[in-house]
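Dear colleague,

Please find the structure below. My notes on the findings follow it.

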Amino acid sequence: MSSIKFRRITEYGSLSASGKNPQFNLVDWNGYEKYDIRRWDDTNTQPYKGITFDEEELEELLQALKIAVDAKKSTTPTKVVRCGSATAKIMDIFGVLPQYSDWAKLVTFTDWGYGAKYDLRSWAPDYSKCGKGITLSESECRRLIEILSDILGIEDTSVIAFEDFVVRGTYFGCLSGHKTETITAQVNILKKDGSTETVNVTAGHCHTCGCYFMSETDYQALRARGILLCQVITEKDFKKNGTRIISGEDWKPESLLHQCGYNVNATDDLSDTQRHEILTYVVESGLQTVYQITNFLDWLIGQANRQMTRDMSSAIAKWSSDRKYISNYKMGSRRLVGVRSSRVKVKG
Ligand SMILES: [Zn+2]
């Protein structure tokens with residue numbers, strides 16, 4: 001490290017409650033200013049392993065960390081990979097950060113042989129190689145979230161991930177009678193032109209059910225801006241079979257796409273880009289495979305072709321266009337905001 005010149009520009013301090021390592025700082029490395037998470041020696045003159053971020057990556061990092069700390073963790077690895085002389089059991093992948101190369105900086109929950117911890121590092125697209133990085137405990141992650149929220153001037157909010165469920169209706173409290181926390185939640189909205197916008201909304205969060213409750217009025221206000229990038233169900237759906245829907249036990253392809261906002265109704269009139277983007281999110285989140293979606297669209301088209309009483313030509317044209325789009329889509333070719341487990345888990 002002796003050839004590397006560095007200067008600690010701003011010290012945001014330790015992430016650990018004991019005041020020791022790791023630290024978060026703005027550091028000048030050989031003339032490049034980077035936000036830096038790493039361990040140091042006692043005199044802060046010897047840097048150890050860590051990871052750096054550019055300013056434009058901080059918001060994405062914050063969102064990935066927020067999703068990570070609130071998520072229920074997997075008990076079995078989604079990937080087991082060799083990295084140098086170590087074996088990494090990747091339990092969950094929570095977010096991807098934009099990078100200039102095809103390597104991605106990922107927030108994962110990974111076991112390097114000492115129990116699973118939050119892990120920040122860059123990975124090759126096929127996970128065959130990884131860069132230097134850092135592992136953090138939950139409390140260190142939460143401290144990092146506080147520091148990043150301060151730097152970015154973002155209030156402390158939860159992030160509703162694409163895989164999360166929102167129950168829309170009259171009531172903020174959990175309909176199963178659990179204790180519900182009222183929070184400010186960030187939800188991503190998909191607009192007509194295919195761009196996304198992040199909006200804050202007041203919601204109830206039930207930790208037992210792992211879902212969010214939103215008022216119909218707030219839902220309609222968001223819906224007027226675009227499609228909510230999460231799974232939305234009504235109070236009626238929740239009362240009927242809420243926990244089974246949320247846990248994925250009561251799972252049907254038609255209800256899944258509908259919950260994710262996909263439809264070809266003339267009244268909703270989603271743009272081609274919106275419908276294609278929703279299907280991209282469904283695939284990249286691992287909720288369904290391309291094959292499952294094309295099978296389902298084939299079935300819809302087949303049913304509609306047998307329909308004699310109504311003119312289904314507009315719906316058929318949209319399904320055909322969507323089928324063509326998604327069958328040509330290459331999994332892993334996009335990095336999407338607010339997706340919890342990219343490219344790893346598939347239901348059914
Ligand atoms: Zn509940």
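Two residues are taken to be in contact if their C-beta atoms, placed from the backbone, lie within 7 Å. Helices (H or I, at least four residues) and strands (E, at least two) are DSSP runs, numbered from the N terminus. This is a predicted model, in which local features need pLDDT of at least 70 and side-chain atom pairs count only at pLDDT 80 or more, while totals for chains, interfaces and linings use all residues. Residues are numbered from 1 along each chain as its sequence is written.

The chain has eight helices and 16 strands. Along its principal axes, the C-alpha trace spans about 80 × 45 × 35 Å.

In helix 1, Leu58, Glu59, Leu61, Leu62, Leu65, Lys66, Ala68 and Val69 meet residues of helix 2, among them Cys141, Leu144, Ile145 and Leu148. Helix 1 (residues 58–70) and helix 2 (residues 138–152) pack at an angle of about 145°, with their axes 10 Å apart; axes are lines fitted to C-alpha atoms, for helices over the stretch in contact, and angles run from 0 to 180 degrees between N-to-C directions.

Buried residues (20 or more other C-beta atoms within 10 Å of the residue's own, C-beta atoms being placed from the backbone) make up 34% of the 348 residues in the chain. In helix 6, those that are buried include Ile278, Leu279, Tyr281 and Val282. Their cover includes strand 12 (180–190), helix 7 (290–306) and helix 8 (313–327). Gly286, with a positive phi near 80°, follows helix 6.

With kind regards

Methods
A residue is buried if 20 or more other C-beta atoms lie within 10 Å of its own, exposed if 12 or fewer, and partly exposed in between; C-beta atoms are placed from the backbone.
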